[in-house]
Amino acid sequence: FFFSSRRRHTRCSRDWSSDVCSSDLGMAQRVLIAMSLACSPRLLIADEPTSGLDVTVQAQVLDDLRHAVDEVGSSLVIVSQNLAIVANYCDRVYVMHAGEIVEEATTMRFFEQPSYPASAALLAAQRGIADPKLQLTGFPVDGRRLPSGCFLSPRCPFSNEADGCTSVHPGFTEVVPGHFSRCHRTAAVTEMEALSGPAASRAPR
């Protein structure tokens with residue numbers, strides 16, 4: 001579900017939505033959670049469920065969502081760029097880039113030892129590590145004109161023509177049991193990430 005925030009004084013064209021538009025955004029999200037789970041779905045997809053909410057209300061809404069899903073027995077997919085939400089509310093992490101899944105791991109494994117360059121760069125930035133060897137350069141690729149080889153290769157600090165980064169599209173391979181990555185240079189990424197700080201302090205709170 002997704003709730004588009006509106007100013008509290010905005011008038012709605014339909015009577016049924018007037019109360020929602022004039023209410024607190026957190027309460028509106030709770031209403032949408034109840035609506036989404038009314039038919040006991042097997043799968044619920046929450047696309048940025050805390051968008052526009054302050055941190056305190058975010059935690060309340062996510063706790064309500066988790067409890068409601070557990071009660072109904074549904075599976076939950078949270079789409080988010082908020083690493084704190086991912087760390088505290090997800091069992092597994094799927095990272096997407098250019099329309100495909102590029103990394104899959106348990107949440108603990110992902111934050112301890114990411115194996116995809118963009119994942120390592122994101123976590124390094126979140127921890128305030130300014131190491132050029134973990135930073136992406138340039139701009140995101142144009143989905144209409146994807147590069148040959150790895151789609152991240154034009155921006156990737158690990159890109160190496162000899163390893164096929166610029167010519168062969170990488171497969172989705174298992175790094176360790178249960179952890180998959182779409183990268184030719186997974187070993188180099190893992191080694192560099194291991195040098196960036198103690199694993200125990202990596203997941204955001």
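## Exercises on cavities, a pocket and packing

The second largest cavity is lined by His-97, Glu-100, Val-102, Tyr-116, Cys-150, Phe-151, His-169, Pro-170 and Arg-182. The model is a predicted one, in which local features need pLDDT of at least 70 and side-chain atom pairs count only at pLDDT 80 or more, while totals for chains, interfaces and linings use all residues. Residues are numbered from 1 along each chain as its sequence is written, and side-chain values use heavy atoms, with hydrogens and water left out.

**Exercise 1.** Find how many cavities of 30 Å³ or more the structure holds, and describe the linings of the two by class.

*Solution.* Begin with the terms: on a 1 Å grid over the protein atoms alone, a cavity is a set of points where a 1.4 Å probe fits but cannot get out, a pocket is an open set with protein on both sides within 12 Å along at least five of seven lines, and lining residues have an atom within 4 Å of a point. A volume is the space filled by probe spheres set on the points, which are joined across faces, edges and corners. The structure holds two such cavities of 30 Å³ or more. The largest cavity contains about 60 Å³ of space, and its lining includes Pro-117, Leu-152, Phe-158 and Cys-165. By class (Ala, Val, Leu, Ile, Met, Phe, Trp, Tyr, Cys and Pro nonpolar; Asp, Glu, Lys and Arg charged; the others, Gly among them, polar), that lining has seven nonpolar, three polar and one charged residues. The second largest cavity, with a volume of about 30 Å³, has a lining of five nonpolar, two polar and two charged residues.

**Exercise 2.** Determine which element gives the most to the lining of the largest pocket.

*Solution.* The largest pocket has a volume of about 1200 Å³ and is lined by 37 residues, of which Ile-78, Ser-80, Val-86, Val-93 and Tyr-94 lie nearest its centre. Elements are DSSP runs numbered from the N terminus, with helices (H or I) of at least four residues and strands (E) of at least two. Those giving two or more residues to this lining include helix H3 (55-72), strand S2 (75-79), helix H4 (83-89) and strand S3 (92-97). The most comes from S3, with six residues. Sorted by class, the pocket lining has 25 nonpolar, six polar and six charged residues.

**Exercise 3.** Identify the residues with the most contacts inside the largest nonpolar core.

*Solution.* A nonpolar core is a set of buried Ala, Val, Leu, Ile, Met, Phe, Trp, Tyr and Cys residues joined through side-chain atoms within 4.5 Å. The largest has 22 residues, and those with the most contacts inside it are Phe-110, Phe-111, Tyr-116, Leu-134, Leu-152 and Phe-158.

Definitions and conventions
Buried < 20%, exposed > 50% of the residue type's maximum accessible area, 1.4 Å probe, protein only.
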